[in-house]
Every structure is written in structure tokens, then in C-alpha cells.
Amino acid sequence: MRVKGMELAVRVGGACVVSAAAVLAAVLESFLVPFYLGTVAVPLAGALAFALNWGLAGLGVWWTGGRWAAVLTSAIWFVVVLFASAPTAAGSLVITSGLNGYALLLAGTAGVAVSLWQYFRPRPNRQLSHPSIQKESSS
């Protein structure tokens, strides 16, 4: 019983850590949207969004042992970015429209799509886990 409790604690703790990392990544990426080198807009936020969305989904799946962690990190990222791209009552925006803002939204969504495809795609050649099902399907 103690092993199951410890395993559950590790999975829940991992989900909490990955969720906090997804919030932190989305906030960091949002504030990196207006990144320029001189007069050149550098889409650093977009590159980070793709890599971190894909990586955090993988870390979450590994840490929790369930594919639902990929959905959790993706949903958290979308919620934070949605709030960052909405104007406040004073009219302030964190994610502005422009090359870097669109790069963040597109690349971040692509990272989410790749991670969800990786963990939820159908696998036709996958072996069935239960031996009795394998015998029935082969007849």
C-alpha cells in the first residue's frame, strides 16, 4: 500500500510541477514577444514556445505516466497565452500583433499539435496487450 501511495504522490507532484512550468513558460514567452536585436524583430518567443510545449508535454507524460499530462500542459499554455493576448481595461497588451506575436501563437500551437499527435496518434501495428484478445482477432 505504501508503494502505491508514494507512486501517486510522485505522479500528482509531477503534474503540479509540469503545470507550474507550463505557466512559467507561457508567461516568459509572452514577455519575449517584443524582442529585437537593433531594429530586427527576433522571433525568440516562437522558437521557445515550440520547444517548450513539446518538451513539457513529454516531461509530463514521463513524470505522470499518463498521456493526459500532454493535454494538461497544452491547455495551461493556451489559457495563459489567451489572457496575455487580450487587452486589459486600460488597453495594454502583452502579446501584440506583429511578426513576433504571430510567431509565438503559430509556433506554440505547432508544438502543442506535435506533442498531441505524438501521444494520441493511432498506431495500427500496435500489439494487443491481452493474450485472449490476440487469439480471437487472429482467427
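Contact is taken here to mean heavy atoms within 4.5 Å. Among contacts in the protein between residues at least 6 apart in sequence, 74% join residues at least 24 apart. The model is a predicted one, in which local features need pLDDT of at least 70 and side-chain atom pairs count only at pLDDT 80 or more, while totals for chains, interfaces and linings use all residues. Residues are numbered from 1 along each chain as its sequence is written, and side-chain values use heavy atoms, with hydrogens and water left out.

The protein contains five helices and two strands, where helices (H or I, at least four residues) and strands (E, at least two) are DSSP runs numbered from the N terminus. Read from the N terminus on, these elements follow the order α-β-β-α-α-α-α. Of the 139 residues in the protein, 30% are buried, a term that stands for under 20% relative accessible area, with exposed meaning over 50% and partly exposed in between (1.4 Å probe, protein chains only).

Helix α3 (residues 68-84) packs against helix α4 (residues 99-120) at an angle of about 165°, and their axes are 10 Å apart; axes are lines fitted to C-alpha atoms, for helices over the stretch in contact, and angles run from 0 to 180 degrees between N-to-C directions. The two helices, α3 and α4, are therefore roughly antiparallel to each other, a label given to angles over 145 degrees. The contact involves residues of α3 including Ala 70, Ser 74, Trp 77 and Phe 78, and residues of α4 including Leu 104, Gly 108, Val 112 and Phe 120.

Rings of Phe, Tyr and Trp (its six-membered ring) are paired if their centres lie within 6.5 Å, with planes under 30 degrees apart counted as stacked, over 60 as edge-to-face and the rest as tilted. By this rule there are two aromatic pairs. Phe 50 and Trp 54 form an edge-to-face pair, at 5.7 Å centre to centre and with 65° between the planes. These two residues, Phe 50 and Trp 54, are four residues apart in helix α2 (residues 44-64), and so are separated by about one helical turn. Phe 50 is partly exposed at 28% relative accessibility, and Trp 54 is also partly exposed, with a relative accessible area of 37%. Trp 77 and Phe 78 likewise form an edge-to-face pair, because their ring centres are 5.1 Å apart and their planes stand at 70°. Within this pair, Trp 77 is buried at a relative accessible area of 1%, whereas Phe 78 is partly exposed at 37%.

Notes: Parallel < 35°, antiparallel > 145°, perpendicular 65-115°, else oblique.
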